[in-house]
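Subject: Model for your files

Hello,

Here is the model you asked about. Please look it over before reading my notes.

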Number of protein chains: 2
Amino acid sequence: LRILTLARDLRRRKSREKQALFVAEGVRALEELLASSLQIRGALVAPQLEGAQRGAELAASLASRGVEVLKVTEAEFRSAAETESPQGVLAIAEIPVRSLDELANRDNIRLLVLDAVQDPGNVGTILRTAAALDVDATIALPGTVDLWNAKVVRAAMGSSFRHWTFHASVGELGDFLHGGGIELWGADMSGEPVANLSPPGKLALAVGNEGAGLSSSLRERVDRLVSLPISGKVESLNVAVATGILLYQLRK
Amino acid sequence: LRILTLARDLRRRKSREKQALFVAEGVRALEELLASSLQIRGALVAPQLEGAQRGAELAASLASRGVEVLKVTEAEFRSAAETESPQGVLAIAEIPVRSLDELANRDNIRLLVLDAVQDPGNVGTILRTAAALDVDATIALPGTVDLWNAKVVRAAMGSSFRHWTFHASVGELGDFLHGGGIELWGADMSGEPVANLSPPGKLALAVGNEGAGLSSSLRERVDRLVSLPISGKVESLNVAVATGILLYQLRK
């Protein structure tokens, strides 16, 4: 039952940070987790996994990898799962240890900065997009949902296990960018249209909260504000869509 | 109680189609609905609206517009609402009658075609994106979620009330595009990279189901397949993000 207790405990951000562990839920996420280099500590399996597509193969893969698998009831599973997980499978894995400093020496670099982006589904979709568009790393500033939240991990569809992510303060980010000679551009409706700009070799793009935009502390540090001109009749784009278009426009 | 019965009934697609009515839920959607030219038939209000942000103003606006407002209990409201609607307000409005033929005479035209795109949240986000990027209309082919589904309307954040949308068969779409001299491009991983292409003046872009891609019947009719090159490590982009990037690249 240690795994069940641990999984329940890991629904709290503080517990994930303290133990450097996170939970991945669902067949798709676990397949991606098994294909990654991350260390798996254990798994919970509920009866409904037998009926899920590719469920039997997944159970066999977990067993063949020597992962400790605990069989629980549907109710016990629900008590540990964060997302709607009709497939009845989750795993506990180690949050990978990575260092921003390894990135700074590259000639070309693209970073994404999330400034108080709160919706876990949007943030997961953004991580998936950043990985697909060859962004080197995503850095979450205070106010952003924990990137190891189970809903974020699920929406990222495996990208959390390969794409590099960090949490940092505005000060830490500023010091790192300054030391690496990396420009910081911020997305804002008042900025220059992105289509008119040529990005520098080393660039970090910051996107803000859908309602409030960039925080004032970040706004003070940006080298340039950039925008996507949109129809006057529409208030804004979804933050994941806007981030995708900007990252594509500013790709290496 | 007529409005309550009607709202419950409109959760079925057949009922929406037969009565040419739909349901919009939540404060934001209703504000947008009131600002649009659509006809409102009635509204349901639950006690929790009083505690919602801008709830009191919205109730006053509905009353001043002469909309029939029925006060219901929280349980009755839940029995009619499709989405998680903690704000306790929904309205029934008329699906606007529009004709594709009005669009065909324009010199420059951008259309979006949804080919069996099923997730209501993604489809709503796509409508919001299409409206923001000045797409003239979105056409849903069979297999796509009903564009007047309450979850789609909610995710579209008001764009459903202004952006033109249609449901059509592949045959109807083909005839319309042919008659109007409009090229049809389809999004597919095997297509030409979109960054290398200049779009024609009259263009329809088709995007398919996230899992299955474009249907074979549509694939037979496209003039060209186009792609967004992504990292080999990632299987695909989210369909709303991919659609946003493609529409931006191919804008007028």
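The notes below cover the interface and then the cavities.

This is a predicted model, in which local features need pLDDT of at least 70 and side-chain atom pairs count only at pLDDT 80 or more, while totals for chains, interfaces and linings use all residues. Residues are numbered from 1 along each chain as its sequence is written, chains are lettered from A and ligands numbered from 1 in the order in which they are written, and side-chain values use heavy atoms, with hydrogens and water left out.

Interface. On chain B, 29 residues are in contact (heavy atoms within 4.5 Å) with 29 residues of chain A. About 2400 Å² is buried between the two chains, 58% of it from carbon and sulfur atoms; buried area is the accessible area (1.4 Å probe) lost on putting two parts together, summed over both. The rule finds 2 salt bridges across the interface, a salt bridge being a side-chain nitrogen of Lys or Arg within 4 Å of a carboxyl oxygen of Asp or Glu. A:Arg128 and B:Glu210 form a salt bridge, at 2.9 Å from N to O.

Cavities. There are 5 cavities of 30 Å³ or more. A cavity is a set of points on a 1 Å grid over the protein atoms alone where a 1.4 Å probe fits but cannot get out, and lining residues have an atom within 4 Å of a point. The largest cavity has a volume of about 70 Å³, the volume being the space filled by probe spheres set on the points, which are joined across faces, edges and corners. Its lining includes A:Arg110, A:Asp134 and A:Leu205.

Regards

Conventions: On a 1 Å grid over the protein atoms alone, a cavity is a set of points where a 1.4 Å probe fits but cannot get out, and a pocket is an open set with protein on both sides within 12 Å along at least five of seven lines; lining residues have an atom within 4 Å of a point.
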